[in-house]
Amino acid sequence: MTLTVAKPAQPARSTEQSSVLGWLPWIFLAVAAGVMVVSWADALSRTGHRASVLFWLAMALLIFPAAFRLCSARVRPGERLATVVLVGLGLYAVKVLRDPFAFTYGDEFPHLYNLQTILSSGRLFGTNSILPITPRYPGLETLAALIARAGGLSPFAAGVITVGAGRLLMMLGLYLLYARLGGSERAAGLGALLYAATPNFLFWSVQFAYESLALPLATVALFVTIRWAQERDVGLRRPWELCFGLVAVAVVVTHHVSSYVLVAFLLALCVIHWRLHGRAGAPWLLAAGAGVATILWLALAGGGTVGYLSPVLTSALKQVIQTLARETPARGLFANQGGSVVTPPAEIVIALSGIMLLGLGVLVGVRLVWQQRWRNPLMVLLVFCAFIYLGTLPLRFVPAAWETVSRAGDFLFIGVGLTVALGVVWMLERGKRRSLRVRLLIATAVTIVFASGVIAGWPANERLAQPRLIAVTGGTLDPPAVVAAQWSGRTLGPNQRVFAQDADARFFLTSGLQTSLTGNFAPDVDDLLDARKLTPAMRALLRSSRTTLVVSDRREISGDNLFGFYFDSGPPALAPAATASKFDVPGANRLYDGGDLIIYGVRGLW
Amino acid sequence: MVKPRTDLALVMGLALAACVFAALLPSSVAVLRAPLCLPLVLVAPGYAVVTAIFRPGELRTSELLTLSIAVSIAATLISALLLDVLGVALTAAPWMGLLTALTLAAAAWGTAHGRSRPLVFRSIPVGRAQAGALAAGLALLVGAATLGFTPMSAPSGTRGTSALWLLPAPQGRQAACVGVINEQLHATTYDVSVLLAGAPARRFGPITLAPGATWSRAIAVGPGRPVINASLSTAADPSAVYRSAVLQDWNVAVASC
C-alpha cells in the first residue's frame, strides 16, 4: 500500500526554548490581544463608530505572531498544534463577538428553527418553510440539542458551542492530516494556518449551519483514511475502519454536499491510486462504505436533496456559459450585488496581492510535490484541488456561479493549504542563512494571504458588529421586526402561515415560530409584497398557500438577508406606501401597526 | 475489574457524574451544569470507544483527542437517530442515559482487554514571564467577553418605533384586546382611542411606557362582531394619528391577548 509515502511526522528533537510551552504563552497573549481588540472594534461599531483599522490590527495580532512562530524549524509538535488551535478558536471568537446576542446570518435562522423544533418536540425530521431540506440533515441541530439539554443552555448558546466544537475539530483534523501526509510538522502547522485564508473561514464557515460541522468531520475522515492506509496489517486496520464508519455516518447525516464531496474525494483517491500503483491497497472499502451510507440516507431521509441542489448547480452552469458567450454581464468584483458597498482601494490591493502570493505558493508547492511526492495518490489529489481552486477564481465573475464557487473553495482549499505550506517550508529551508529575515517575510506573506481571504469573503461593512440588541434605560431593545415576530407567536400562537420579506421571514420563523414563506419561487411572495395593487390572482395565491398573515415591511432592507437584521440607523429607504396600503381593504384585518412594518390578518381575503 | 486511577476509570466516573448532574441540577444553573455535563457529550463516549478499540500507544495524544471528539459527535448523532426511530423523545434522560451506557460499556470492554492507561499527571514548568503572559492573556479574554457581551447604547440616528395592536379576544368572547408596545429609545406617553362600528367607544391615556414596556386592555364589544378601529397618538403630537389598527371580519385565530 503506497497511499502515503512520506514518513510519519516525528517530534522535533531540539527546541528553541527548553520550556515545554515554548512560545505558547506569548502566542496565547497575542491571540487574546487580537480578540480584545476586535471586541473593542465591535463595541465601537455597534455604537455607530468606524473601527476598520482596529479590525485589521486584531487580524494581524491573530495571524502574524503565530505564522512567525510556525515558520521556525525548532518547535515541538504539541506547541505547533496548540498554536494552530489557538488561532482557529481566536478567529472563531471574531465571529462570536460580531454576533454576541443572536444569530444574524441568513442560513442560521432555519437551522436555529430546526434546533428549536427538536427541543420542543423531542423529534427529528420536522419541517422548515424557509430551507425545507435542512431538517432532513439534522446532525448539527441534534448535537446542539443535546448540548442544550445536557448543559441547560439556550439554543443560541448551544449553537455557539456546537460550531466551536466544529472549529476545534477542523484545526485538529487539518493539522493531523497535513502532518501525516506532508511528513512535516512545520508544513502541518503552516498549512493549517494557511487554511484560515479560505475566504469563508472567518465568518461563513462558522455560522450555525450544517457545513460548519460537516466539513470538520469530513476532514477527520480524510485523516482516518491516511492512518488506515499506513497500517499494513489487516487486523490493525479494523479500528480505523470503525472510526471511519462512525465519522462518515456523522458527515452523511449532517450535510448533503459534504457527504458527496467526501465520497467523490475517496473515489478519486481510489482511481488515482489504481493509476499509480494498481487496484490493491486503495481505500475502496472506505469509499464504498461512505457511498452506501450517502445513498441510503438520500433514499431514506434526504429525498428532496436533488431537487434542492440541482437548480443551484444548473443555474450556475448556465450562467457560466452565458457569461463566456457574453450574453450575461459579468459580476463586479469587490462590490456587493447592487454596487452600493464597494471595497476600499487599499483592501483591493491587499486582496490582489494575496491572490498572487497564493498562486506563487501553489506553484512552488506543486514543483516540490512533482519532485518528491508525485507517487502519493492523496498528495496528487490535493495538488489537483489546489489547481482547481485557482482555476475557479475567474468564476467569481459569474453571478450565479459565485456562490457555488465560494462554497467549493472551502473543500478545495484543503489542497491549497498543504501545497502552499510545502512550498513555504522549502523556501524556509533554502533561506536558512537569513532565517530571521525569511521568517519575517513569510509571516508577512501569510498575513497578507489571510487578509486577502477576509476581504474576498465578506463585505467591508459587515465584518464588525451592528446594533442588534441595544441598551436603554432599564433594559434592552430588540429590532422592531423581532418584537413583531415575538408578538405574533405570543398572541396568535405558532405555525401561522406568514408571507414576509426575506429578513423578516427569518425573524418570524425563529422568534415567532411561524411557518414563514418568502422569496420569489413557489409561492412568489416577493411579487405579492412589492405590488401596489392587490389583484384577484394574489388573493388566489393567499388562498392556495393558506396564508393567514402578511407582514408588510416597507423598509427595503427587510428584503436583504445579509443586512436586514439590525436596527435602522437614520431613515431607511422605503418602498411606496401603496405596497402596504393595498391590504387596507374589506376582509383584511390590520392587526399590528409598527410604522413601516404592518401585520395584516388575511384569512378573510381567501 | 475496573482499576482505579486509570483513564477509563476516570471517563466512567465523568460519564456517571455528568448523568447525575444533568438529572439533579436545574437548567437555571447552566454555569455549573454546562462544564460538568458537556464532557459527556463532546469527549467521554468517543474517548471510551477509541481507547477500547486501539492498542495502547497506537495513537498520539493529539490523535486520541481528535478521534475522541469526532467519535463522540458521531455517537451523539447515532444515538439520537436510534431513539428517534424507536419513538423515544429526545429528552435529557434517555439520551444521556444511552450515551452514558455506551461510555460505560466501551470503557469496561477496554479495561477488560487491557486498554486502560494509568493516569499520570506531569507538572509543566512555567517561567515567571510565561505565567505573566498567560495571566495577561486570560485577563484580556475576560475583558473581551465582558465588553463583547454587554449591550451598548444605540448609535446616534437609531430609530425607535411604537406599535399598536388589535385582536379579537380568544375563545369567542364578545371582546377585543388592544395593546401598545413602546420600542422608542426613551419613555413615551400615549393615548389610545377605540371606535366601535364608527362610534367612539373607549379612550385610554395618558399611558406612559418605558422603553420595551407594553400595555394592553380587553374591551367588551357586545354581540355582532362590529368593525373596530383603534388609533394611537403620542403626547408629543396628540392630534396626529401615529398608528392605527382595524378589526373587520374577526377571522383571526388568537391564542392569548
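The interface between the two chains was examined first. In the predicted model, 107 residues of chain A are in contact with 96 residues of chain B. The area buried between chain B and chain A is about 8,300 Å², and carbon and sulfur atoms give 69% of that area. Polar links also cross the interface: five salt bridges are found between chain B and chain A, together with 34 residue pairs in polar contact, both residues at pLDDT 80 or more. With 16 residues, helix 4 of chain B (residues 61-85) gives the most to the side of chain B that touches chain A. By class, this side of chain B has 62 nonpolar residues, 24 polar residues and 10 charged residues. A salt bridge joins the side chains of B:Glu63 and A:Arg180, with an N to O distance of 3.1 Å.

Strand pairing also links the chains. Strand 6 of chain A (residues 589-593) pairs with strand 2 of chain B (residues 161-168) in the antiparallel sense, over two bridges. Within this pairing, B:Trp165 in strand 2 of chain B is the bridge partner of A:Tyr592. An open sheet is formed by three strands in the order 2(A)-1(A)-1(B), with mixed pairing. Strand 1 of chain A (residues 470-472) pairs with strand 2 of chain A in the antiparallel sense over three bridges, and A:Ile470 stands opposite A:Leu477 of strand 2.

Because B:Cys177 lies in strand 3 of chain B (residues 175-183) and B:Cys257 in the segment after strand 8 of chain B (243-247), the pair ties together parts that are 80 residues apart in sequence. Salt bridges over all chains number 24. One of them joins the side chains of A:Arg69 and A:Glu79, with an N to O distance of 2.6 Å. A:Arg69 lies in helix 2 of chain A (residues 52-71) and A:Glu79 in helix 3 of chain A (residues 77-98), so this pair ties together parts that are 10 residues apart in sequence.

Two features of the backbone complete the description. Most peptide bonds are trans, and most residues other than glycine have a negative phi. In chain B, a cis peptide bond joins B:Gly205 and B:Pro206, with omega about 0 degrees; B:Pro206 lies in strand 5 of chain B (residues 199-209). In chain A, A:Phe125 has a phi near 60 degrees, a positive value in a residue other than glycine. A:Phe125 is placed in the loop between helix 4 (108-121) and helix 5 (139-151) of chain A.

Technical notes
Residues numbered from 1 in each chain as written. Chains lettered and ligands numbered in written order. Predicted model: local features only at pLDDT ≥ 70, side-chain atom pairs only at ≥ 80, totals over all residues. Heavy atoms only, no water. Contact = heavy atoms within 4.5 Å. Buried area = accessible area lost by both parts, 1.4 Å probe. Salt bridge = Lys/Arg side-chain N within 4 Å of Asp/Glu carboxyl O. Polar contact = N/O pair within 3.5 Å; in protein donor to acceptor, adjacent residues only side chain to side chain. Helix = DSSP H or I, 4+ residues; strand = E, 2+ residues; numbered from the N terminus. Nonpolar A, V, L, I, M, F, W, Y, C, P; charged D, E, K, R; others polar. Pairing = 2+ DSSP bridges.
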